[in-house]
Amino acid sequence: ITLETLKKERVHEIICNFQNQYIHSIFPNGVPYGGIYRPIKTDISSAWIVSQYENEYNPPHWHDGCTISSVMYLKIPEYLPRNLPYKKESDGNIDFINSACIPHMDFENPVETFKPEVGDMFIFPARLLHCVHPFLGPGERRSVSVNGVHLIKMDK
């Protein structure tokens, strides 16, 4: 999706506002730079549509060349159950993977899993590993992925 299209359709500003809220929830006073806290703004570096069908998935990956990533779900089909004994249903889930933690040492779960619904948007650090599980059933799972950068404002 071109940045021009995002701006023309008035989506660019909406996504940047979400990204700004995310960044400001982490750095409410700005980021320390040059001995003072500087305000931050965000901008979009790229965006694309992902259409996936039965048994398609996205393996663990991260995004280069940006600092913020997000995914918004536009369409989710009805999944057919796999009925695998001793396995929980995870079709269509998105996993966020903290590869820096050691579960038995850090007392934390390195994988956080979500079952997205239409309209959900997840914003996360671009370096965070994430993956999407395959699904069974007819139909399309459609999402929009957006990469962004946060910029330090150098003016007062």
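**Exercise 1.** How many bridges join β4 to strand β9, and in which direction do the two run?

*Solution.* The model is predicted: local features need pLDDT of at least 70, side-chain atom pairs count only at pLDDT 80 or more, and totals for chains, interfaces and linings use all residues. Residues are numbered from 1 along each chain as its sequence is written, and side-chain values use heavy atoms, with hydrogens and water left out.

Step 1. Strands are DSSP runs (E, at least two residues) numbered from the N terminus, and two of them pair if DSSP finds at least two bridges between them.
Step 2. Two bridges connect β4 with β9 (residues 129-132), and the strands run antiparallel.
Step 3. Histidine 61 has histidine 130 in β9 as its bridge partner.

**Exercise 2.** Classify the ring pair of tyrosine 73 and phenylalanine 122 and locate both residues.

*Solution.* 
Step 1. Rings of Phe, Tyr and Trp (its six-membered ring) pair if their centres lie within 6.5 Å; planes under 30 degrees apart count as stacked, over 60 as edge-to-face and the rest as tilted.
Step 2. The whole structure has six aromatic pairs.
Step 3. In the pair of tyrosine 73 and phenylalanine 122, the centres are 6.2 Å apart and the planes stand at 85°, so the pair is edge-to-face.
Step 4. Tyrosine 73 belongs to strand β5 (residues 68-75) and phenylalanine 122 to strand β8 (residues 121-125), so the pair ties together parts 49 residues apart in sequence.
Step 5. Buried means under 20% relative accessible area, exposed over 50%, partly exposed in between (1.4 Å probe, protein chains only). Tyrosine 73, at 3%, is buried, and phenylalanine 122, at 13%, is buried as well.
Step 6. Ring pairs join Tyr73, Phe96, Phe114, Phe122 and Phe124 into a cluster.

Terms used
Helices (H or I, at least four residues) and strands (E, at least two) are DSSP runs, numbered from the N terminus.
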